[in-house]
Amino acid sequence: MKIFPAIDLRGGKVVRLTEGDYDRMTVYGDNPFATAQSFAADGAECIHMVDLDGALKGELVNFDSVFRVASELGMFLQVGGGIRDGERIEKYLQAGASRVILGTVAVENPDFVLKAVKKYGDKIAVGVDAAGGKVAIHGWKTVTDLDSFEFCEYLRDAGVRTVVYTDISRDGMLSGLNLDAYAALSNIEGLDIVASGGLTRKEEIATLKDMGVYGAILGKAMYTGALTLKEALRAAGRTE
């Protein structure tokens with residue numbers, strides 16, 4: 001199973017939100033590249049970056065920070081936040097990103113996702129952010145009527161290979177993952193699920209592995225020391 005240590009960007013800084021609330025933000029550093037370097041030093045092969053400003057504004061606000069990590073570190077980088085047209089996909093992929101994550105646009109313009117998947121294949125992922133089981137968009141500010149599980153099945157049928165599924169109520173709470181949700185999602189054949197939102201204990205990683213979940217994002221627990229990156233990598237079988 002893959003572990004994706006997370007760097008969420010706002011105003012060029014490394015931050016974490018609580019339950020997706022932009023007004024409940026903690027700053028953990030002002031040098032995203034140095035943070036990414038520390039992940040590589042601890043043995044991480046993958047990294048997850050999100051432009052929170054971009055998700056809110058619909059544009060690539062923190063592109064320079066992502067570009068440096070993508071172009072200089074050689075890690076498998078998946079990036080999301082404000083990617084809502086083909087030009088932005090191209091910009092990130094040309095910078096060296098391995099996979100881009102579409103969010104709001106997947107709900108508002110599903111035909112665009114179909115075309116993107118046809119053109120870029122598994123370099124396209126979709127972030128499904130769930131609030132009370134419903135899909136949330138626009139930086140988690142708007143909750144739709146779409147059932148999040150049914151939407152994941154639709155994405156699989158549309159050719160999407162990877163979904164980053166976040167339970168917003170768990171994000172940044174250090175309360176553990178919504179394991180019931182991932183148990184259900186793991187039954188969707190042909191879809192790689194990246195678990196996001198609340199990962200706190202190494203035992204959760206073992207449970208995800210047993211479910212056959214593809215990967216998990218490690219965020220606030222890592223920054224607070226509740227679960228170190230090295231511990232998570234070991235639990236996932238990525239290091240000795």
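**Close-up views of a predicted model**

**View 1. Cys 152 and Cys 46, two buried cysteines.** Cys 152 counts as buried because its relative accessibility is 0%, where buried means under 20% relative accessible area, exposed over 50% and partly exposed in between, computed with a 1.4 Å probe on protein chains only. Cys 46 is buried too, at a relative accessible area of 5%. A disulfide is a pair of cysteine sulfur atoms within 2.5 Å, and by this rule the count comes to zero.

**View 2. His 48 in strand β4.** Let's turn to a histidine. Strand β4 spans residues 46-51 and holds His 48; strands (E, at least two residues) and helices (H or I, at least four) are DSSP runs numbered from the N terminus. With a relative accessible area of 7%, His 48 is buried. Beyond its neighbours within four places in sequence, His 48 is in contact (heavy atoms within 4.5 Å) with residues including Phe 4, Pro 5, Ile 101 and Ile 217.

**View 3. Glu 153 in helix α7.** Helix α7, residues 148-157, is where Glu 153 is found. Glu 153 is partly exposed, at 38% relative accessibility. Glu 189 lies 36 residues apart from Glu 153 in sequence, and their C-alpha atoms are 9.0 Å apart in space.

**Notes for all views.** This is a predicted model in which local features need pLDDT of at least 70 and side-chain atom pairs count only at pLDDT 80 or more, while totals for chains, interfaces and linings use all residues. Residues are numbered from 1 along each chain as its sequence is written, and side-chain values use heavy atoms, leaving out hydrogens and water.
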